[in-house]
Amino acid sequence: MRADRLMAILLLLQRREQVTAAEVARELEISERTARRDLDALGMAGVPVYSVQGRGGGWRLVGGARTDLSGLTAGEARALFLVAGPASAATPAVKAALRKLVHALPEPFRVQAEAAASSLVLDPQRWGSSRVEHRPPRFLDELQDAVIRGVQVRLGYVDREHTETERTVHPLGIVAKGPSWYLVANTEAGRRTFRIDRVSSVDPTGDPVHRPEDFDLAESWRAIADEVDRKRTPLEARAVCAPHGIGVLRMGFGSRLEVGGSTTDGRIEIVIRGNDESILAGELAGLIEWIEVTGPAGVRDHLASIGNALVERYG
């Protein structure tokens with residue numbers, strides 16, 4: 001994320017005329033050593049910045065130089081605003097500064113710059129134990145370009161049964177889920193999600209994407225992820241839990257835990273999702289101190305069997 005820091009430092013120099021490494025470090029939440037290295041990097045990149053030594057010194061732009069944002073190419077503007085979106089690891093101050101730049105862009109670039117800032121979502125939670133993919137998938141750049149430019153693409157895709165199909169899709173956004181990348185798109189069959197590592201070809205059609213006015217990528221992805229989680233864990237075990245045990249359950253089950261209201265005896269109603277009664281019972285067996293499982297009967301029967309086996313072995 002160094003590029004966004006360098007741009008933020010340049011903005012600071014233009015706004016304050018002179019900054020110290022300590023001020024840069026404080027503003028961008030980095031070390032002074034990193035701030036000095038970044039300031040040196042600006043000079044090496046051709047920005048006319050120099051340091052003033054001694055008391056009252058700092059870093060300045062030669063002759064109060066300014067960057068002419070109208071000189072940005074369309075690709076440079078889009079790249080710049082990718083680091084201002086929700087997927088960026090930049091600090092809020094850096095994101096805010098970058099987003100303000102959109103008002104200084106020439107009109108033809110403004111729409112794509114704004115689209116770039118909302119084209120990507122990062123979801124660090126993996127699906128179960130999915131394999132690690134160390135490299136971005138082959139067609140990631142082409143699909144993100146289609147999202148930002150708002151053009152439909154003819155998509156070649158290989159499903160999990162290794163069947164290859166082609167379809168025209170309306171790209172709406174890119175999501176990184178753990179190590180995997182997904183395209184969220186509208187199709188003739190409705191909104192769909194495609195694993196980008198299964199994409200076999202991307203051919204932009206030039207036709208504009210039909211993008212719903214109220215579409216929000218982050219919100220849409222939350223709904224998709226919730227639906228996938230429910231399909232992966234269709235079994236629901238109902239229980240009541242002592243209030244002080246809720247924190248333990250949250251750590252152990254994460255999004256598989258749903259917390260309800262309080263019962264008359266002060267305990268809390270909960271639902272824990274899984275995909276197999278015996279496995280779920282095994283996960284719950286060690287939580288007897290906090291929870292009482294009320295259903296379904298199959299999970300309770302497995303818990304009773306586990307209890308009998310423990311008594312037989314250790315009683």
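**Ground rules.** I number residues from 1 along each chain as its sequence is written, and I use heavy atoms for side-chain values, leaving out hydrogens and water. The model is predicted, so I ask for pLDDT of at least 70 for local features and 80 or more for side-chain atom pairs, while totals for chains, interfaces and linings use all residues.

**Salt bridges.** I took a side-chain nitrogen of Lys or Arg within 4 Å of a carboxyl oxygen of Asp or Glu. I count eight salt bridges.

I looked up aspartate 145 and found it bridged to arginine 149, with the closest N and O atoms 2.8 Å apart. Both sit in helix α7 (residues 140-149), four residues apart, about one turn of the helix. Helices here are DSSP runs of H or I, at least four residues, and strands are runs of E, at least two, numbered from the N terminus.

Next I checked arginine 195, which pairs with aspartate 197 at 2.6 Å between the closest N and O atoms. Is arginine 195 buried or exposed? Arginine 195 is buried, at 16% relative accessibility; aspartate 197 is partly exposed, at 31%. My cut-offs are under 20% relative accessible area for buried, over 50% for exposed and partly exposed in between, with a 1.4 Å probe and protein chains only.

I also noted a salt-bridge network linking Asp265, Arg267 and Glu292.

**Lining of the largest pocket.** A pocket is an open set of points on a 1 Å grid over the protein atoms alone, where a 1.4 Å probe fits, with protein on both sides within 12 Å along at least five of seven lines; lining residues have an atom within 4 Å of a point. I find 23 lining residues, with Arg160, Tyr182, Thr193, Phe194 and Val228 nearest the centre. Helix α8 gives the most, six residues.
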